[in-house]
Amino acid sequence: MGNNTASVEAPPPDTGASVSAYRIGVDDIVQVTVWRNPELGITVPVRPDGMISVPLVGDVRAGGRTPDEVAQDIQAKLADYVRDPQVAVILNDLRSHEYLSRIRVTGAVRQPISIPHRQGMTVLDAVLAAGGVTEFAAPGRAGLYRKDGDSTRTYRVQLDRILDKGDLTTNYQVSPGDVITVPERVL
């Protein structure tokens with residue numbers, strides 16, 4: 001299933017997560033508003049079962065769906081009670097995204113670390129946040145691992161050239177969920 005061979009091609013650049021494509025997760029805080037019906041509006045966390053409770057409608061599945069999909073579902077169900085309901089679902093707090101959007105740095109670094117992704121962050125930024133490499137590191141064999149559907153793509157990172165020569169050719173931008181591994185050298 002996974003592709004474990006190092007690839008020479010560069011990973012696609014991080015374009016940032018689009019909020020409209022964001023899939024709501026457990027513990028995210030969503031605000032439901034119904035135009036001209038403020039009494040039907042709510043702000044609630046998504047329950048562990050992925051549901052939210054909406055006035056008049058009852059439970060609505062929010063987990064794993066986009067805000068637009070949830071709004072359309074609520075709008076369709078409210079149509080039995082409200083004439084031409086206009087529903088908006090707004091994400092107030094993306095709590096579930098915290099772990100999905102982290103970058104992990106492991107291996108021969110001073111402090112293996114899991115840090116929040118920031119737009120524009122590069123491999124070097126992440127390695128420096130981990131305290132840099134140890135004296136036992138083989139930085140020329142570092143790798144960037146990125147989930148691609150059901151498989152994992154591997155990109156070779158020449159961390160030695162980045163650190164020693166300022167060669168930024170393989171200083172790739174990282175994406176949410178990436179893992180950077182610095183192996184130990186063979187003694």
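Helix α1 lies across strands β1 and β5, and its direction makes an angle of about 140 degrees with β5. The model that shows this packing is a predicted one.

## The three-stranded sheet

Strands β1 and β5 belong to an open sheet of 3 strands, ordered β2-β1-β5, in which the pairing is antiparallel. The edges are taken by β2 (42-45) and β5; each has a single partner strand, so one side of each is left without a neighbour in the sheet. On average, neighbouring strands of this sheet are turned by 25 degrees against each other, with direction ignored.

Between β1 and β5 there are 6 bridges, in the antiparallel sense. Within this pairing, V32 has V89 in β5 as its bridge partner.

D27, which is not a glycine, has a positive phi of about 80 degrees. D27 sits in the segment before β1 (29-34), and with a relative accessibility of 41% D27 counts as partly exposed. D84 is likewise not a glycine and has a positive phi of about 45 degrees. The position of D84 is the loop between α1 (67-78) and β5 (87-93). The relative accessibility of D84 is 60%, which places D84 in the exposed class.

Strand β3 (residues 51-54) and strand β4 (residues 58-61) run antiparallel and are joined by 4 bridges.

## The five-stranded sheet

A further open sheet consists of 5 strands in the order β7-β6-β10-β8-β9, with mixed pairing. At its edges stand β7 (113-116) and β9 (151-157), each with a single partner strand, so one side of each is left without a neighbour in the sheet. From one strand to the next, the twist averages 20 degrees.

Inside this sheet, β8 (residues 142-148) and β10 (residues 179-182) pair in the antiparallel sense over 3 bridges. Y145 stands opposite V179 in β10.

| Strand pair | Sense | Bridges | A residue and its partner |
|---|---|---|---|
| β1 and β5 | antiparallel | 6 bridges | V32 and V89 |

## The aromatic pair

The count of aromatic pairs comes to 1. This pair is formed by Y155 and Y172, with an edge-to-face arrangement: the centres are 6.4 Å apart and the planes make an angle of 65 degrees. The pair links distant parts of the chain, since Y155 lies in strand β9 and Y172 in the loop between α4 (159-165) and β10, 17 residues apart. The relative accessible area of Y155 is 3%; this is under 20%, so Y155 is buried. Y172 also counts as buried, at 9% relative accessibility.

## The chain as a whole

The secondary structure of the chain amounts to 4 helices and 10 strands. Along the sequence these elements follow the pattern β-β-β-β-α-β-α-β-β-α-β-β-α-β. The radius of gyration is 22 Å, well over the 16 Å that the globule rule gives for 187 residues, so the chain is more spread out than a compact globule. Along the principal axes, the C-alpha trace spans about 70 × 30 × 30 Å.

Of the 187 residues, 41% count as buried. Among contacts between residues at least 6 apart in sequence, 57% join residues at least 24 apart.

## Confidence

The mean pLDDT of the chain is 89, and 91% of its residues reach 70 or more. Over residues 1-7, however, the pLDDT is below 50, and this stretch has 16 contacts in the model beyond near neighbours in sequence. Where pLDDT is low, the predicted coordinates should not be read in detail.

Definitions and conventions:
Residues are numbered from 1 along each chain as its sequence is written. This is a predicted model: local features need pLDDT of at least 70, side-chain atom pairs count only at pLDDT 80 or more; totals for chains, interfaces and linings use all residues. Side-chain values use heavy atoms; hydrogens and water are left out. pLDDT is the predictor's confidence in each residue, from 0 to 100. Contact means heavy atoms within 4.5 Å. Two strands pair if DSSP finds at least two bridges between them. Helices (H or I, at least four residues) and strands (E, at least two) are DSSP runs, numbered from the N terminus. Axes are lines fitted to C-alpha atoms, for helices over the stretch in contact, and angles run from 0 to 180 degrees between N-to-C directions. Rings of Phe, Tyr and Trp (its six-membered ring) pair if their centres lie within 6.5 Å; planes under 30 degrees apart count as stacked, over 60 as edge-to-face and the rest as tilted. Buried means under 20% relative accessible area, exposed over 50%, partly exposed in between (1.4 Å probe, protein chains only). The radius of gyration is taken over C-alpha atoms; the globule rule is 2.2 Å times the number of residues to the power 0.38.
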